[in-house]
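This briefing is for a reader new to the structure.

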Amino acid sequence: MEKPCLFGADYSVYVRIARLALLEKGVEHKRVPIDIFAEGGPSASYLERHPFGRIPAFEHDDFRLYETAAITRYVDEAFDGPRLQPVAPRRWARMNQIVSIADGYLYPHLVWGIYVERVSKPATGIAADEERIAASLSKAAISLAALSDLIGDAPWFCGPELTLADLYVAPMFDYFLMTPEGREMIGHHPNLESWWAHIAARPSVGMTDFSKLQERHA
Ligand SMILES: N[C@@H](CCC(=O)N[C@@H](CS)C(=O)NCC(=O)O)C(=O)O
């Protein structure tokens with residue numbers, strides 16, 4: 001069997017989630033750089049692989065896949081290594097709920113509404129849209145309160161074991177915590193602060209650290 005291959009850019013939240021799953025499983029893989037924000041957009045050959053022109057895309061032997069939810073679950077099922085999805089139905093449902101919160105509320109607000117506006121745009125000379133930041137901050141407050149309730153006293157979002165829920169939330173928090181608003185807001189939730197300290201110390205998270213990147217988008 002060939003090593004699986006991940007297509008994408010290191011600055012991408014979703015590419016990082018897929019890499020975190022591969023690294024946590026201990027799956028050797030190849031990486032092919034694709035910059036979807038490059039002038040002219042993705043190439044025709046990449047659009048054949050991912051008709052929506054997003055990253056990541058994935059290939060294992062002749063099996064092609066896109067959408068991070070599908071990639072990470074395939075990686076978990078198809079390879080040896082620690083399970084990243086709980087077996088118990090309620091914990092598994094909780095994992096899916098948190099992944100959905102990350103896709104639906106964290107990515108648009110913590111990453112695009114706050115990090116991109118506060119950090120990425122000003123870095124390229126574009127003024128931050130303060131109204132958009134303010135609107136996203138009120139959504140972020142709801143998200144952090146919900147995540148704080150869901151994690152409770154557990155070390156990880158779904159209990160004693162690291163799951164895909166943690167791997168989804170971590171890259172989104174990483175960008176969010178690069179903003180002063182993000183650092184202030186997490187201070188209201190000591191359990192999320194301690195979760196962040198716990199996950200940020202994992203080798204997989206260090207190996208995919210956004211702060212070491214030259215080019216940062218989202
Ligand atoms: N639903 C997709 C979302 C992937 C996604 O939005 N990736 C971003 C980078 S983090 C992207 O490709 N953005 C390009 C664009 O919006 O045109 C997934 O789960 O893989």
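In this predicted model, a nitrogen atom of the ligand has a polar side-chain atom of Glu67 at 2.7 Å, which is a polar contact (a pair of N or O atoms within 3.5 Å; within protein, one must be able to donate a hydrogen and the other to accept it, and residues adjacent in sequence count only if both atoms are side-chain atoms). Local features need pLDDT of at least 70, side-chain atom pairs count only at pLDDT 80 or more, and totals for chains, interfaces and linings use all residues. Residues are numbered from 1 along each chain as its sequence is written, and side-chain values use heavy atoms, with hydrogens and water left out.

**Ligand contacts**

- An oxygen atom of the ligand lies 2.7 Å from a polar side-chain atom of Thr68.
- The backbone also takes part: a polar backbone atom of Ile55 is 2.9 Å from a nitrogen atom of the ligand.
- On its own the ligand has 510 Å² of accessible area, and the protein covers 81% of this (Shrake-Rupley method, 1.4 Å probe).

**Ligand surroundings**

- There are 11 residues around the ligand, and Ser12, Arg54, Ile55, Glu67 and Thr68 come nearest (a residue is near a molecule if one of its heavy atoms lies within 4 Å of it).
- This shell holds 7 nonpolar, 2 polar and 2 charged residues; Ala, Val, Leu, Ile, Met, Phe, Trp, Tyr, Cys and Pro count as nonpolar, Asp, Glu, Lys and Arg as charged, and the others, Gly among them, as polar.

**Strands**

- Strand β1 (residues 5-8) pairs with strand β3 (residues 57-60) in the antiparallel sense over 3 bridges; strands are DSSP runs (E, at least two residues), numbered from the N terminus, and two of them pair if DSSP finds at least two bridges between them.
- Strand β3 also pairs with strand β4 (residues 63-66), in the antiparallel sense and over 4 bridges.
- Ala57 of β3 is the bridge partner of Phe7, and Ala57 has Tyr66 as its bridge partner in β4.
- β3 and β4 form a hairpin with 2 residues between them.

**Backbone**

- Most residues other than glycine have a negative phi, and most peptide bonds are trans.
- Asp61, in the loop between β3 and β4, has a positive phi near 55 degrees.
- The peptide bond from Ile55 to Pro56 is cis, with omega near 10 degrees.
- Pro56 is in the loop between α2 (44-49) and β3; helices are DSSP runs (H or I) of at least four residues.
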